[in-house]
Amino acid sequence: LSASTKREKAEPSFRPFTRKYLGSKRVLRDWIADSICARAGVPGSFVDGFFGTGAVSAAMASRGAARIIAVDTLRSNCVILRGFCARSSRIPRLMEELNALPGSGGYITESYAGTYFTEENCRRMDAVRERIAELRSLGAITVGEHDILLASFLLAADRVANTIGQYDAFLKHIGGAAMVDGRHLVDQRVQTPFVLRHLEPLGKAGVAGSDSIDVIEGDMLELAAGLPVEVAYYDPPYNGRQYCDNYHVLENFARWEKPPLFGATRKFDRTSLKSPFSRRSSVAQALSLLLERTRARHVFLSYSSEGILSADQILATLSLWGTPSASEMAYPVFGNGAGVSARRSVIEYLFHVEIEGAA
Ligand SMILES: C[S@@+](CC[C@H](N)C(=O)[O-])C[C@H]1O[C@@H](n2cnc3c(N)ncnc32)[C@H](O)[C@@H]1O
């Protein structure tokens with residue numbers, strides 16, 4: 001076995017939605033999927049309108065939802081979920097070839113070395129990302145193979161990133177000790193080599209029928225009117241932190257347009273990716289518009305007790321469409337970050353309304 005094959009074999013494969021993602025419903029996905037099925041039955045068609053990691057889409061697939069449409073504005077999320085739905089027998093050889101590439105300088109090294117990643121990992125990433133783009137532009141790999149390789153690339157990059165799981169900041173001290181006086185300064189994984197790993201097929205992760213997930217990159221506000229489904233599940237951002245800010249580095253890798261970057265946190269211009277759900281001034285109107293445009297008999301909405309909108313505001317909005325109800329789940333949150341972690345409990349709401357008069 002070559003050194004790179006040995007390294008891949010020693011590393012477990014990536015599993016869906018095991019990355020740190022703000023607002024991920026990984027832990028709550030069974031509660032959410034069971035609640036949906038209890039109230040609306042197993043849907044023949046289901047839209048996961050703000051799918052993020054795809055945790056809820058996967059849980060609904062495992063319960064037998066026939067047609068699943070997953071929508072998110074971030075290309076990085078779309079590529080990752082599509083990668084987990086694609087198949088190709090050529091992936092082991094392609095990954096071996098990519099993992100064996102010598103590092104090279106380039107856009108990633110110039111942009112992020114010594115901040116979000118070590119210079120060594122940036123050089124590996126530059127070589128691999130360029131080659132994935134080249135293979136696709138030559139037609140040497142299919143769209144599905146491209147999604148698998150790029151999904152693995154994004155998860156591998158996230159694994160060695162010098163962050164606390166989101167990219168609105170990076171940890172200082174990238175070359176220093178991981179812990180000093182009980183404070184978490186650098187994730188030890190930052191120093192481990194960037195390496196592509198296999199994606200564990202969704203089916204193996206206990207998800208049946210997952211090939212039927214139809215992933216759409218776009219704005220749910222614009223798409224809702226064109227997606228008639230039995231059940232719509234919405235998990236919009238609930239606070240003022242824009243996801244395009246939190247995941248700008250992965251988004252930049254996914255898009256690979258090499259834009260100029262600005263400021264200490266090295267962000268590109270994300271004006272077109274800002275969400276009205278993350279703005280206090282526009283969230284109420286955005287929710288009303290989304291409901292107005294939704295073509296589903298059942299609408300489920302996840303929201304946090306720490307969100308911009310209160311539960312009463314949401315119930316008032318939903319009551320324009322039917323008789324709403326809310327389930328609650330106390331959910332422990334760890335104040336993650338460089339420094340001391342404090343544990344607190346927030347309430348995760350799952351609202352439901354059956355739209356009167358819907359077909
Ligand atoms: C709370 S997270 C969803 C988490 C997801 N349910 C999970 O389990 O991983 C909110 C998601 O909404 C996406 N988003 C924000 N505005 C959007 C919009 N207008 N249309 C579609 N997706 C949007 C963000 O990119 C983010 O992934």
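Q: Leaving aside neighbours within four places in sequence, which residues is Y112 in contact with?
A: In this predicted model, once those sequence neighbours are set aside, Y112 is in contact (heavy atoms within 4.5 Å) with F117, C122, V249, N252, F253, L261 and R266.

Q: What are the ground rules for the numbering and the model?
A: Residues are numbered from 1 along each chain as its sequence is written, and side-chain values use heavy atoms, with hydrogens and water left out. Because the model is predicted, local features need pLDDT of at least 70 and side-chain atom pairs count only at pLDDT 80 or more, while totals for chains, interfaces and linings use all residues.

Q: OK, and which residues touch the most other members of the largest nonpolar core?
A: That core has 75 residues, and M60, Y112, F117, F153, F194 and F253 touch the most other members; a nonpolar core is a set of buried Ala, Val, Leu, Ile, Met, Phe, Trp, Tyr and Cys residues joined through side-chain atoms within 4.5 Å.

Q: Which helix gives the most to this core?
A: Helix α8 does, with nine residues, and 14 of the 17 residues in α8 are buried, meaning under 20% relative accessible area with a 1.4 Å probe and protein chains only.

Terms used:
Buried means under 20% relative accessible area, exposed over 50%, partly exposed in between (1.4 Å probe, protein chains only). Helices (H or I, at least four residues) and strands (E, at least two) are DSSP runs, numbered from the N terminus.
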